[in-house]
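Have the coordinates open and follow along.

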Amino acid sequence: MLTCVSSDTAGVDFAGFMVERVTGMSLESYIHKHVCAPLGITSVCFRPREHPDLHGRLADVSLRKEKGGPVEHTPLTIWPPDTEGDSGGSGAYATGADFQR
């Protein structure tokens, strides 16, 4: 199952943009090469539709539409699966096991 990691930290977003500018790589490519590969992590991505093997494993989302109401399934995702750029502070998708590494 693939889940989305999200946080509200503009500083980490900015750091991600700086990594891209300095290295000439996308943040996703940089993370794969320098973080994920050494740790054996295989599921991290920012745009799951570009990774069919991961897109098919997205976790279902449920939400409560009304206070005190039932929790219901929704086709929505927590973070848009087709963002234009990689955001260091939010928007990375990963399996729970890989996220914990």
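**Labels and what backs them**

The model here is a predicted one. Strands β2 (residues 61-64) and β3 (residues 71-74) run antiparallel and are joined by 4 bridges.

Q: What makes β2 and β3 count as paired strands?
A: Pairing needs at least two bridges. There are 4 bridges between β2 and β3, so the pair qualifies.

Q: Why is Asp 86 called buried?
A: Buried means under 20% relative accessible area. Asp 86 comes in at 2%, so it counts as buried.

Q: Is Arg 47 buried or exposed, and how do you know?
A: Arg 47 has a relative accessible area of 13%. The cut-off for buried is under 20%, so Arg 47 is buried.

Q: What makes Asp 86 and Arg 47 a salt bridge?
A: The nitrogen has to be within 4 Å of the carboxyl oxygen. For Asp 86 and Arg 47 the closest N and O atoms are 2.3 Å apart, so this is a salt bridge. The pair links distant parts of the chain, 39 residues apart: Asp 86 sits in the loop between β3 and β4, Arg 47 in the loop between α2 and α3 (52-55).

Q: How do you know that Glu 50 and Arg 47 meet in a salt bridge?
A: Their N to O distance is 3.2 Å, and the limit is 4 Å. Glu 50 is exposed, with 53% relative accessible area. Arg 47, Glu 50 and Asp 86 are linked in a network of salt bridges.

Q: Why does the Glu 72 and Lys 65 pair get the salt bridge label?
A: At 3.5 Å, N to O, the pair is within 4 Å, so it passes. Lys 65 is exposed at 60%, while Glu 72 is partly exposed at 31%. The structure holds 4 salt bridges.

Q: Which residues make up the largest nonpolar core?
A: That core has 8 residues: Leu 27, Ile 31, Cys 36, Ile 41, Val 44, Phe 46, Ala 92 and Ala 94. α2 gives the most, with 3 residues.

Conventions
Residues are numbered from 1 along each chain as its sequence is written. This is a predicted model: local features need pLDDT of at least 70, side-chain atom pairs count only at pLDDT 80 or more; totals for chains, interfaces and linings use all residues. Side-chain values use heavy atoms; hydrogens and water are left out. Helices (H or I, at least four residues) and strands (E, at least two) are DSSP runs, numbered from the N terminus. A nonpolar core is a set of buried Ala, Val, Leu, Ile, Met, Phe, Trp, Tyr and Cys residues joined through side-chain atoms within 4.5 Å. Buried means under 20% relative accessible area, exposed over 50%, partly exposed in between (1.4 Å probe, protein chains only). A salt bridge is a side-chain nitrogen of Lys or Arg within 4 Å of a carboxyl oxygen of Asp or Glu.
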